[in-house]
Each structure stands twice: as C-alpha cells, then as structure tokens.
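User: Can you walk me through a few side-chain details here? I'll jump around a bit.

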Amino acid sequence: METDSNMLKNSKLLLLFLLALAQCKSYKANSAYSTDSLKIIPLSKNSYVHITYLQTESSGKVACNGYIFMNKGEALVFDTPSDPESTRELLRWLEDIKGQKVIGLVANHFHIDALGGISEFHKKGIATYAHEKTSKLVEIPEKKPQNTFDDQLILKVGDKEVINQYYGEAHTVDNIVSYVPEEELIFGGCMVKMLNAGYGNLDDANVSTWSTTVQKIKEAHPKLKTVIPGHGPHGGPELLDYTIALFKNK
C-alpha cells in the first residue's frame, strides 16, 4: 500500500506530466513553425518565442526558450538554440521563409542554452552581443560574443528600440534581461521562472541576490504585459512575482 508521501509525490509527477503535455499540444496548435527540434510560437506580428531542446543528465530533455523580435524586415535573436544544427534551422526559417535580415544575437548569459549555437551566427557575419561578464566566462574563442557592454545596450530593429540591461546576479553572475518597449515585453532567460517551477540549476547562481535582482526589474518596468522565462510557458508580471517569492527565503 502506498504511503501518503508516495501518493503525493506521484500526484505531483502526474500533474507535471499533464501540464507539459498540455503545453506541448498548445504550442503545436499555435506554432508558426514546428519540427522535432525547433518550435516557433508567435506572440504578436513582430514577436516570437523559439523553443529547442537540451539533453541534460539531471533532468533529461529540457525545452529551452529564446526570443525573436522583427521589425521592418530586420530580426534580432535573443539566445541561440543549444546546438549548431537547431541554430542553422532557426536562421533558415528567419532568412529563407520569413525573408528577414538577421541583424544580431543577444546572449542572456554564458550557459549552453543561451549561446550554444553562437558560432553559426559568426559564420554568417551576424553581430553578437552580451554582457562583458559573459565574454569573460566563455572559454571557447568561437563562442565568445563579439560585442560586450557593462550596464545597458540599446539596439535598433528597424525603427524600434530594444533595451538590454544588467540588473545584478541571479541565475548567473552575468545574466541580463532584454526589454522591448513596443511590446511591453521582457525576455528574462533563466533568471525568470515559469509559474510553479522549482529552483532549477543553481551551480552558478547567487541565491542571496536573486529576489532583489528580479525586484529591480519589476520596479523598472511597471507596465509589462509579457514575460518570457528561460524554460516553460510565458506569462505576465506574475512570473516576476513568483520568482521573487521563490528565492526570497532560499
């Protein structure tokens, strides 16, 4: 006979499975593009989430989010897929199917799920950007971002601005967020958790400052409509609230 704790554990696992299944079906139904290795989900006429997969020892196959902002025939990509093959597939979709000129890549932090495919951008002569701490943490020369910044970097996509900002340590010492005023949208990467997520990978984290860092982001952007985490479904400012609460007493 199962103990209460085992029954509770099994119930939680079943719930997580059902949520993942529902997310997968929802994404497939709403996809602008979908293969086994890459899914692209439209948020608006100019904004898309790209989703690829990373095989990990601790959690198995993990879905990883990136972001794309398009305007007037130009596209800026935020985080690469975790491998070169999926990155080439993403670039083909942008250039050949959508007819966009990819003007740059912004890496959220130094982990593989943020810049694993950066060399594919370099091969095409596409500019790459990241915080200066990210460049110092990347040891492989071909994976180093070409352009770095200290506090803030503003990039133009067509005639619209994207503001890339460093607020402090959280998931990693170098993590940034990217804000699109036109969409009232933030791509938070792995610093921001989806609702009901656990702590995740803390190997390079500063859990003592995590909540404070995300609180700064929330206060700087009080009118946010869309928040994209590094993994799992996007949402609104409630993702910032959840992340703040999760790490407040960690």
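Analyst: Buried here means under 20% relative accessible area. The model is predicted. Trp93 has 3% relative accessibility, so Trp93 counts as buried.

User: How many aromatic pairs are there in the whole structure?

Analyst: A search finds five aromatic pairs. One of them joins Tyr33 and Trp93, a tilted pair with 6.5 Å between centres and 50° between the planes.

User: Where do Tyr33 and Trp93 lie?

Analyst: Tyr33 is in strand β1 (residues 33–34) and Trp93 is in helix α2, so the pair ties together parts 60 residues apart in sequence. Tyr33 and Trp93 also belong to one aromatic cluster with Tyr48.

User: OK, and Tyr67 with Phe78, what are the numbers for that pair?

Analyst: The rings of Tyr67 and Phe78 are tilted, 5.3 Å centre to centre and 35° between the planes. Tyr67 sits in strand β4 (residues 60–71) and Phe78 in strand β5, 11 residues apart.

User: Buried or exposed, those two?

Analyst: Both Tyr67 and Phe78 are buried.

User: Switching topic. Where is Ser82?

Analyst: Ser82 is in the loop between β5 (74–78) and α2 (84–97). With a relative accessible area of 7%, under the 20% limit, Ser82 is buried.

User: What does Ser82 touch?

Analyst: Leaving out residues up to four places away in sequence, Ser82 touches Thr52, Tyr53, Leu54, Ile112, Asp113 and Gly116. A polar atom of the Ser82 side chain lies 3.2 Å from the backbone oxygen of Tyr53.

User: And what sits over the ring of Tyr53?

Analyst: The charged end of Lys61, 4.8 Å from the ring centre.

Note on methods:
Residues are numbered from 1 along each chain as its sequence is written. This is a predicted model: local features need pLDDT of at least 70, side-chain atom pairs count only at pLDDT 80 or more; totals for chains, interfaces and linings use all residues. Side-chain values use heavy atoms; hydrogens and water are left out. Helices (H or I, at least four residues) and strands (E, at least two) are DSSP runs, numbered from the N terminus. Buried means under 20% relative accessible area, exposed over 50%, partly exposed in between (1.4 Å probe, protein chains only). A polar contact is a pair of N or O atoms within 3.5 Å; within protein, one must be able to donate a hydrogen and the other to accept it, and residues adjacent in sequence count only if both atoms are side-chain atoms. Contact means heavy atoms within 4.5 Å. Rings of Phe, Tyr and Trp (its six-membered ring) pair if their centres lie within 6.5 Å; planes under 30 degrees apart count as stacked, over 60 as edge-to-face and the rest as tilted. A charge sits over a ring if NZ of Lys or CZ of Arg is within 6 Å of the ring centre and within 35 degrees of the ring normal.
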